[in-house]
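Work through the exercises below with the structure in view. Try each task before you read its solution.

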Amino acid sequence: MDPRFINTIPSLRYDDDKCDDEYAFVKALCMSGGDGANSYSANSRLQKKVLSMAKPVLVRNTEEMMMNLDFPTYIKVAELGCSSGQNSFLAIFEIINTINVLCQHVNKNSPEIDCCLNDLPENDFNTTFKFVPFFNKELMITNKSSCFVYGAPGSFYSRLFSRNSLHLIHSSYALHWLSKVPEKLENNKGNLYITSSSPQSAYKAYLNQFQKDFTMFLRLRSEEIVSNGRMVLNFIGRNTLNDPLYRDCCHFWTLLSNSLRDLVFEGLVSESKLDAFNMPFYDPNVQELKEVIQKEGSFEINELESHGFDLGHYYEEDDFEAGRNEANGIRAVSEPMLIAHFGEEIIDTLFDKYAYHVTQHANCRNKTTVSLVVSLTKK
């Protein structure tokens with residue numbers, strides 16, 4: 001589930017030279033396509049678990065949306081940052097099922113539903129669309145619904161839909177991806193993201209970019225969604241409030257930084273190449289998220305929840321298998337960017353290193369990463 005930067009968006013474009021050179025890898029920000037062993041489709045169990053944890057919020061907001069809009073005969077739903085594979089349909093299935101159960105309960109006819117799957121054009125929509133027949137078959141068995149699935153390619157940092165056309169928007173594990181790498185990160189050498197050794201200027205640059213991007217997202221969605229329409233958004237966030245630089249020792253980008261530094265030490269990657277690589281990513285805390293929503297002003301916050309985050313370890317008791325699971329998951333979401341910047345030949349070695357580092361921190365209990373689920377109503 002991943003928004004990637006498109007350099008044709010006028011308000012969010014880089015300097016052309018920088019885009020073609022220093023930050024060219026940002027244009028490759030997509031999940032690994034296909035259904036092979038290293039694909040996102042085969043390595044997105046964490047994302048599936050997150051969708052399961054957020055299900056009660058999604059169900060409540062779907063029900064409230066239907067009642068507040070007095071059971072319309074037509075509903076348009078958008079899944080933003082859908083990525084590829086079966087996970088693309090999980091939230092949509094819950095939305096449709098919730099609508100049909102509620103309509104049956106109150107003796108109303110079920111509406112016709114348009115479901116729009118959004119990601120950028122480079123996303124592997126083909127793998128996703130292969131599951132549409134199975135999705136429709138399951139709907140017919142369980143709900144007998146009239147549902148129509150469409151692709152909606154484009155950046156969600158731009159307008160995607162006509163005005164006042166959407167009733168419900170869902171996005172999971174997409175909005176922590178930024179539209180671009182923040183500027184002025186020259187003093188964050190050796191780190192591909194924020195760590196305790198980063199300067200305060202790095203945190204401020206990342207926070208500023210997140211505030212700009214999320215404000216833009218809210219403003220655009222407020223134009224597309226009907227009054228009293230709903231959004232349910234799921235982020236990777238953090239639970240630290242006092243020290244904005246602190247990330248735990250087993251933070252996934254910290255481990256990837258450590259793995260890349262191993263390759264620098266072994267002469268497989270140049271130090272300058274590592275210094276030039278920074279993730280277009282930000283993990284907001286609850287307060288930062290609230291402040292952007294309240295300042296932008298188009299939406300009311302219905303609820304904001306925080307859940308645990310444990311990439312890989314909840315599947316296996318064995319540390320080695322847990323390390324390999326986490327390495328595969330991070331590889332699936334970062335490999336295209338890493339190849340664009342470092343080349344393909346280091347990837348297998350890099351994620352062997354990554355799996356090893358995970359096992360070294362298997363007993364870490366002071367984790368800062370959480371999943372944040374926020375539901376919003378259009379004013």
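The protein has 12 helices and 7 strands. Both are DSSP runs numbered from the N terminus: helices are H or I with at least four residues, strands are E with at least two. This is a predicted model, where local features need pLDDT of at least 70 and side-chain atom pairs count only at pLDDT 80 or more, while totals for chains, interfaces and linings use all residues. Residues are numbered from 1 along each chain as its sequence is written, and side-chain values use heavy atoms, with hydrogens and water left out.

**Exercise 1. Describe how α3 and α4 cross.**

Step 1. Two packed helices are described by the angle between their axes and the distance between the axes.

Step 2. Take the axes as lines fitted to C-alpha atoms over the stretch in contact, with angles from 0 to 180 degrees between N-to-C directions. The axes of α3 (residues 55-68) and α4 (residues 90-105) come within 9 Å and cross at roughly 45 degrees.

Step 3. Classify the angle: under 35 degrees is roughly parallel, over 145 roughly antiparallel, 65 to 115 roughly perpendicular, and the rest oblique. α3 and α4 are therefore oblique to each other.

Step 4. List the contact (heavy atoms within 4.5 Å). From α3 it includes L58, V59 and M66; from α4 it includes I95, I99 and L102.

Step 5. Sort by class. The contact of α3 with α4 has 9 nonpolar, 2 polar and 3 charged residues. Here Ala, Val, Leu, Ile, Met, Phe, Trp, Tyr, Cys and Pro are nonpolar, Asp, Glu, Lys and Arg are charged, and the others, Gly among them, are polar.

**Exercise 2. Which residues touch the most other members of the largest nonpolar core?**

Step 1. Define the core: buried Ala, Val, Leu, Ile, Met, Phe, Trp, Tyr and Cys residues joined through side-chain atoms within 4.5 Å. Buried means under 20% relative accessible area, exposed over 50%, partly exposed in between (1.4 Å probe, protein chains only).

Step 2. Of its 71 residues, F214, F217, W253 and L256 touch the most other members. Helix α7 (residues 200-224) gives the most to this core, with 9 residues.

Step 3. Look at F217. Leaving out residues up to four places away in sequence, F217 touches L80, F156, Y157, L175, M231 and L233.

**Exercise 3. Is F134 buried or exposed?**

Step 1. Find F134 in helix α6 (residues 132-142).

Step 2. F134 has 58% relative accessibility, so F134 counts as exposed.
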